[in-house]
Amino acid sequence: VYYATPQNRFQEIYFNYLRPWIVPGKDPNSPIVRWAFEGIPGGGSVPMMIWKAWVLPVLLWMPLILAIFFVTVCLAALLRKQWVDRERLLFPLAEVPLEVTEAPEGSVGPPLFANWMFWACFLLPTVLYTYRALHQYWPSIPDVNLYRSTENLFSTRPWNTLNWVPMNYYFDMIGITYLLTTEMGFSFWFFYFLRRMTVLVRTAFGMEDHYRFMDLQGQGALIVLGLFYLWVMRHHLWEVVRKGLFYDRSIDDSHEPISYRFAFWGVVGGMAVIVGWCYAIGMPVGWAVALFTVYFGGHLVLTRLVSEAGLFVYWLPAPQMTLINLFGNHLFSNQSLTSLQVVGWKLQDSASSILPNALQGFKVADRSRMSQTSLFVAMIAAIVIAVFACHIPSISVIYRTTVPHLGWWPKGATRALPNQIVNSIINPDPYKSGDFANMGLGATVAGFLLYMRQRFLWWPFHPLGYIGSYSTWFGDRYAWSIFIGWWAKVIVLKAGGATAWRKCRPAALGLIIGNCFVLFLWLLLQLIWPVQQVLVIE
């Protein structure tokens with residue numbers, strides 16, 4: 001609303017399609033809007049008129065937000081038996097809390113804390129990041145550059161595409177890769193290397209827009225993997241349907257977090273609330289169903305990436321943009337496009353997905369003999385409390401800090417969302433024949449990798465590595481660290497086999513826990529003892 005001007009015609013193009021109750025105000029000159037960007041005159045606390053203006057939109061957004069979270073946790077409960085008991089996925093991230101809490105009977109504490117390799121590797125990130133943090137307070141203390149690159153090596157095409165290749169040291173990712181299968185670690189860095197070589201070859205032939213080429217391959221691969229995982233669990237899903245619809249007593253769900261009947265109707269009821277809410281803001285029922293089918297389908301593969309491959313952050317294609325580009329905007333009304341973008345913007349940050357987190361929670365509960373049902377209830381309670389607790393501090397920060405001084409994500413969203421709405425209405429970018437060909441290429445490669453992996457035990461390439469490297473810039477951040485972790489595991493296995501690998505596990509856990517500890521410590525200290533510069537400890 002704030003950036004609407006006569007020149008960009010925001011008000012003319014889409015303001016009429018915004019239901020008045022989903023925003024606190026539609027007048028760009030009102031204090032509710034202007035003060036969020038320009039600050040409260042004279043400073044001070046947020047006035048009561050601002051709080052009153054936010055009450056209705058906050059409360060009316062809650063059914064959608066809570067329904068999405070509820071359906072997500074129900075889906076995690078439904079996936080548990082298939083992926084934890086039947087397929088026995090690795091869940092490398094779940095190993096960390098288990099290792100630091102499990103202690104043999106009669107022992108003082110976890111054996112991990114008595115291992116010298118754990119503490120040596122724990123201290124490595126702790127000391128290095130402490131130096132980096134202290135450098136922000138006292139610049140005379142030398143900084144430690146953990147985020148290097150290949151610098152400017154080449155000046156001519158196509159070799160200049162190899163300039164500035166990141167060589168980042170993320171200790172947590174090094175440790176996690178050591179816990180993965182050798183096949184998975186190899187696939188991640190190999191496909192990232194292949195991606196860089198693909199860009200080089202395309203540049204040599206005068207082709208551009210490499211990101212779109214890779215992203216579309218990733219989308220095709222995502223579709224194939226999503227359908228494959230659904231096919232593998234088809235018998236399990238049929239059991240859920242039989243229990244939910246017909247109350248089939250022959251199906252045992254006594255060890256599950258919630259009964260299949262409750263989970264089935266929880267998903268159905270939650271989706272009814274979601275679709276009804278979308279319809280209330282002007283989105284046709286069919287497009288609402290399609291939007292959340294794409295959303296939850298993508299998060300199925302995302303959860304597999306976390307559960308099997310140990311990725312703790314991953315970005316899926318925006319579901320609303322996938323729909324609009326796939327079908328073209330001529331099939332959507334302007335009302336539908338506006339509502340799709342408004343709702344889709346709440347969904348497209350897949351890095352904050354709770355589906356893999358909830359499933360890992362159930363894995364931890366299974367190993368530690370915790371009550372799965374109690375954990376489910378605790379998850380729902382924590383979500384409700386957290387969602388409502390965040391509103392007051394968030395609104396306070398927005399008005400006291402102002403949007404232009406927030407982080408890059410919330411600051412950028414205020415411009416990106418309206419531009420995305422306008423572009424989808426008047427300047428669409430639908431997929432062309434070449435784009436569908438690229439999606440088909442990604443689907444074919446993923447299908448081939450799945451086939452080879454199912455047929456041959458020696459096959460070293462995992463389709464999740466292909467998706468992880470091709471459909472996001474994940475590899476740019478973590479590929480070098482993954483390579484180090486993979487190489488360390490290969491060396492240990494060659495030198496001493498599985499026994500040596502198990503003995504060196506505490507070193508990997510030390511890197512992970514040390515990295516988490518030092519980041520938490522300095523973020524906490526910064527709240528108490530703020531630094532004027534930006535504290536960069538990613």
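Helices here are DSSP runs of H or I, at least four residues long, numbered from the N terminus. By that numbering, α2 is followed by Gly39, whose phi is positive, near 95°. The model is a predicted one.

- Helix α2 spans residues 31-38.
- Its buried residues are Ile32, Val33, Trp35, Ala36 and Phe37.
- The cover over these buried residues includes α3, α15 (372-401) and α16 (408-426).
- After α2 comes Gly39, with a positive phi near 95°.

**Helices α11 and α13**
- Helix α11 runs over residues 285-309, and helix α13 over residues 334-347.
- They pack at an angle of about 25°, and their axes lie 11 Å apart.
- Angles under 35 degrees count as roughly parallel, so α11 and α13 are roughly parallel to each other.
- Their crossing is right-handed.
- On the α11 side, the contact is made by Trp287, Leu291, Phe292 and Tyr295.
- On the α13 side, they meet Ser336, Leu340, Val343 and Leu347.
- By class, this contact of α11 with α13 has 7 nonpolar residues, 1 polar and no charged ones.
- An α-helix has 3.6 residues a turn, so residues three or four places apart point the same way.

**Helices α3 and α9**
- Helix α3 covers residues 48-86, and helix α9 covers residues 234-246.
- The two pack at an angle of about 145°, with axes 10 Å apart.
- The crossing of α3 past α9 is right-handed.
- From α3, the contact takes in Leu78, Lys81, Gln82 and Arg86.
- From α9, His236, Glu239 and Val240 take part.
- The residues of this contact of α3 with α9 divide into 2 nonpolar, 2 polar and 3 charged.

**Cysteines**
- A disulfide is a covalent bond between the sulfur atoms of two cysteines.
- The count of disulfides in this model comes to 0.
- Cys74 is in no disulfide, and the nearest cysteine sulfur, that of Cys278, is 18 Å away.
- Cys74 has a relative accessible area of 0%, so this residue is buried.
- For Cys390, the closest cysteine sulfur is in Cys278, 19 Å away and therefore too far for a bond.
- Cys390 has a relative accessible area of 34%, so this residue is partly exposed.

Key: Residues numbered from 1 in each chain as written. Predicted model: local features only at pLDDT ≥ 70, side-chain atom pairs only at ≥ 80, totals over all residues. Heavy atoms only, no water. Axes fitted to C-alpha atoms, helices over the stretch in contact; angles between N-to-C directions. Left-handed = near helix turned anticlockwise from the far one by under 90°. Contact = heavy atoms within 4.5 Å. Nonpolar A, V, L, I, M, F, W, Y, C, P; charged D, E, K, R; others polar. Buried < 20%, exposed > 50% of the residue type's maximum accessible area, 1.4 Å probe, protein only. Parallel < 35°, antiparallel > 145°, perpendicular 65-115°, else oblique. Disulfide = S-S within 2.5 Å.
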